[in-house]
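Here are my comments on the model you sent.

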Amino acid sequence: MNIKIIKTTPFGPVVIVWSFLNGHPQVFRIIISKPDSSAENQLTRAYPHYDLSSCDEIDELAKSIQAFLEGKDIQFSLNIMALDICTQFQKSVLLAEYEVNRGLVSTYKLIARHIGSDGGARAVGNALAGNPFPIIIPCHRAIRSDGYVGGFQGGVAMKKTLLEKEGIVFDAKGRVISPLLKYDNPK
């Protein structure tokens with residue numbers, strides 16, 4: 001596997017795990033720092049033998065990730081993400097989450113209903129918890145039905161900060177105040 005490390009984000013290092021497939025770069029994983037483990041530490045545990053390398057497409061992705069984490073409005077393309085590594089269910093969850101635009105949130109329950117899995121809120125949460133492409137597929141935009149942020153690979157503080165940078169407002173108890181939720185189409 002090839003590795004590109006973005007060392008200076010506001011949230012610690014970010015690692016892009018990628019390889020060439022049929023002559024084109026494909027991203028297999030984005031590793032973000034967790035409260036208890038930096039992305040570099042996670043990298044050495046998951047991929048003890050790796051090559052630091054890059055190419056134009058990966059360099060451009062790294063610049064976009066850096067800008068996004070600094071608060072810029074970036075819409076990522078999925079064209080070099082290796083979505084085929086995901087199960088069909090996870091892929092459907094990730095594609096639904098990808099459609100939640102900046103400044104909006106959705107709930108695990110609404111996403112489950114949108115993909116035809118009524119009652120599958122927990123499964124949606126698990127699929128997002130294992131999102132191999134955090135930031136690119138903005139799983140930080142999925143919240144609990146009660147308005148609290150829920151979990152996130154980079155920790156709750158990072159999730160809340162990312163949402164605030166996108167204009168999401170919280171009440172005094174830490175719940176999202178949002179007049180519109182993606183996929184909330186009452187009948």
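**Notes on helix packing and salt bridges**

1. Lysine 7 is exposed, with a relative accessible area of 54%. Keep in mind that this is a predicted model. Lysine 7 counts as exposed because its value is over the 50% cut-off.

2. Lysine 7 has a charged partner. Its side chain meets that of glutamate 40 in a salt bridge, at 2.7 Å from N to O. Glutamate 40 is partly exposed, with a relative accessible area of 25%.

3. How many salt bridges does the structure hold? The count is six. Side chains of opposite charge can pair when their charged atoms come close. Two further pairs are worth a look.

4. Arginine 144 pairs with aspartate 146 in a salt bridge. Their closest N and O atoms are 2.4 Å apart. Arginine 144 is partly exposed at 38% relative accessibility. Aspartate 146 is also partly exposed, with a relative accessible area of 38%.

5. Aspartate 171 and arginine 175 form a salt bridge through their side chains, at 2.9 Å from N to O. Aspartate 171 has a relative accessible area of 23%, which makes it partly exposed. Arginine 175 is partly exposed too, at 27%.

6. Now the helix packing. Which residues of helix H3 (residues 88-98) are buried? They are Gln90, Val93, Leu94, Ala96, Glu97 and Tyr98. Note that the set includes Glu97 and Gln90. An α-helix has 3.6 residues a turn, so residues three or four places apart point the same way.

7. What do the buried residues of H3 pack against? Their partners are helix H4 (108-114), helix H5 (121-129) and strand S6 (142-143).

8. Take H5 in more detail. Two packed helices are described by the angle between their axes and the distance between the axes. The axes of H3 and H5 come within 9 Å and cross at roughly 85 degrees. That angle makes H3 roughly perpendicular to H5.

9. Which residues make the contact between H3 and H5? From H3 come Phe89, Gln90, Val93, Leu94 and Glu97. From H5 come Ala123, Val124, Ala127 and Leu128. By class, the residues of this contact are seven nonpolar, one polar and one charged.

Note on methods. Residues numbered from 1 in each chain as written. Predicted model: local features only at pLDDT ≥ 70, side-chain atom pairs only at ≥ 80, totals over all residues. Heavy atoms only, no water. Buried < 20%, exposed > 50% of the residue type's maximum accessible area, 1.4 Å probe, protein only. Helix = DSSP H or I, 4+ residues; strand = E, 2+ residues; numbered from the N terminus. Contact = heavy atoms within 4.5 Å. Axes fitted to C-alpha atoms, helices over the stretch in contact; angles between N-to-C directions. Parallel < 35°, antiparallel > 145°, perpendicular 65-115°, else oblique. Nonpolar A, V, L, I, M, F, W, Y, C, P; charged D, E, K, R; others polar. Salt bridge = Lys/Arg side-chain N within 4 Å of Asp/Glu carboxyl O.
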